[in-house]
Amino acid sequence: MVLLMGRRLLHRIGTSVAAAGLALAAAPPAGAADTVDVPVSNGTFAQPVAPDNGTTAGHTDWSPDNTGVVFGKTLAQHPLGLQAAALNWNNAALALRTRLWGVKAGSQVTMNWDDSPGVDRRCKAEQLKDGQTYNVSLIAPGDPVDPQVTTKGTDSVGTANWTTGRVFEFTAPEDNPMVSFDSAEKRDSLSCGPLITNVTARQTPAPVDQKIRKEQLPGPKAYRGNERLEPGIAVDDCEGSAGNCVFTVDNRYSYRYYGQTRIVGEVYINCTRNAVVDDRRTETTEPPYDNLTQYYALKGAPLVPSRSDISLSRPNLASQVAAGFSQAGGNSAAVSTNNPLTWSRTTTKALNPTIQPGEMSWIEVQPARERVAGSFTNARNKYRLDAVFDVPSTSLPDRYYQRTGPLTETELQRCGSARPSAGTPDNGAGTEQRLIALDGPPAGPPSRSVLLNP
């Protein structure tokens, strides 16, 4: 018989591409359908604002943000009128680092930027005529390639000579990879170094891994600025107040799916000569899963009062997830919606399966679930927490199946017994006469399934 199964509904974003090493390379064709922009925080170094013909200390959202300076628009002389960051200042060669948020491990990334030799009046002509050098690299485990770049030269101290559209391509070795620009200029005037600005990025996202079990989700990741943070600190911060954090759903890695089927209720054996209608009420419960609860459990400090339902153990954080989920569904105000996030669901259903003569029957449910990936952010202290939640879906119905099959020899023998007798299997008798425990569908005999109305 044919098993009636609906087509599995999955949301897949991105395609796999050949792995590429770290290298400076030509930019990919513009407008490729499988590439998307990656936001680069303060990529034009517009913050802090410097006097047009002067400098100001720091580089907002870059690390470290308390060293070095940005050059004002007039002083930087960029063709688009942008501010620029210096890679040498105050007698030191600097390193500027930032993370590319929302990039998953395995994604193909292309980063672009512009550079120029220094325009500081303390520069010397011999420092500028052949250009100035710096390294661009990934801060990641292992030994990544560390390309060295040389700016164009200039014949005049204080005059910029911009190169636009530098390119750095790499395969992300981790989520939210960190890139670094490190000055290699260590000549006489250490306040004379290359300028960079207009840092942008695009990615071909890594494919969604839909084989990850909801019971074993990848661990959460937390950051303060660009530096890693113990996730529990960020969780406590978000839970501190209902408005502390904003949760944003990453639609590329969120999807709906049908889970594994499981038996609900009893197995019905029809020993009669007629079809029998089994009027029954089934109750199924779908619990929530998330990698924050799992993170605490693995630490040996499970959340209370609920070890499994984060809406009970961390209600403020859970309400932030629910608001972000609603907004991602097109409800920008996060008000009443017909597709809310549901943390757990218990469903009672009246079913009336028909069991044919000489057959056994049972009911299976295939739950509809939703995998929600996203990030909590707190602009006040620059916290970020990446988390994953797996909850019952309200936009898909659960599937209920009636499964039937022929009786086994033992069941036929039991049906053929007119009344309780010595031939009737008995758990108190010898092992050869005991009832057979049935934990699932019997092995061997063919079976069929009928999809019942949800």
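Tutor: What follows goes through the salt bridges of this model, pair by pair. The model is predicted. Side chains of opposite charge can pair when their charged atoms come close.

Start with Asp 115 and Arg 166, whose side chains meet with N and O 2.9 Å apart. This pair links distant parts of the chain, since Asp 115 lies in strand E8 (residues 108-116) and Arg 166 in strand E11 (residues 163-171), 51 residues apart. Asp 115 has 0% relative accessibility; buried means under 20%, so Asp 115 counts as buried.

The next pair is Lys 221 and Asp 175, with their closest N and O atoms 3.3 Å apart. Here Lys 221 belongs to strand E14 (residues 221-224), while Asp 175 sits in the loop between E11 and E12; the two are 46 residues apart. Lys 221 is partly exposed, at a relative accessible area of 24%, whereas Asp 175, at 15%, counts as buried.

The last pair is Glu 286 and Arg 369, which form a salt bridge of 2.6 Å from N to O. Glu 286 is in strand E20 (residues 280-286) and Arg 369 in strand E25 (residues 368-378), 83 residues apart. Glu 286 is buried at 5% relative accessibility, and Arg 369 is buried at 0%. Both residues also belong to a network of salt bridges that links them with Arg 262, Arg 371 and Asp 390.

Technical notes. Residues numbered from 1 in each chain as written. Predicted model: local features only at pLDDT ≥ 70, side-chain atom pairs only at ≥ 80, totals over all residues. Heavy atoms only, no water. Salt bridge = Lys/Arg side-chain N within 4 Å of Asp/Glu carboxyl O. Helix = DSSP H or I, 4+ residues; strand = E, 2+ residues; numbered from the N terminus. Buried < 20%, exposed > 50% of the residue type's maximum accessible area, 1.4 Å probe, protein only.
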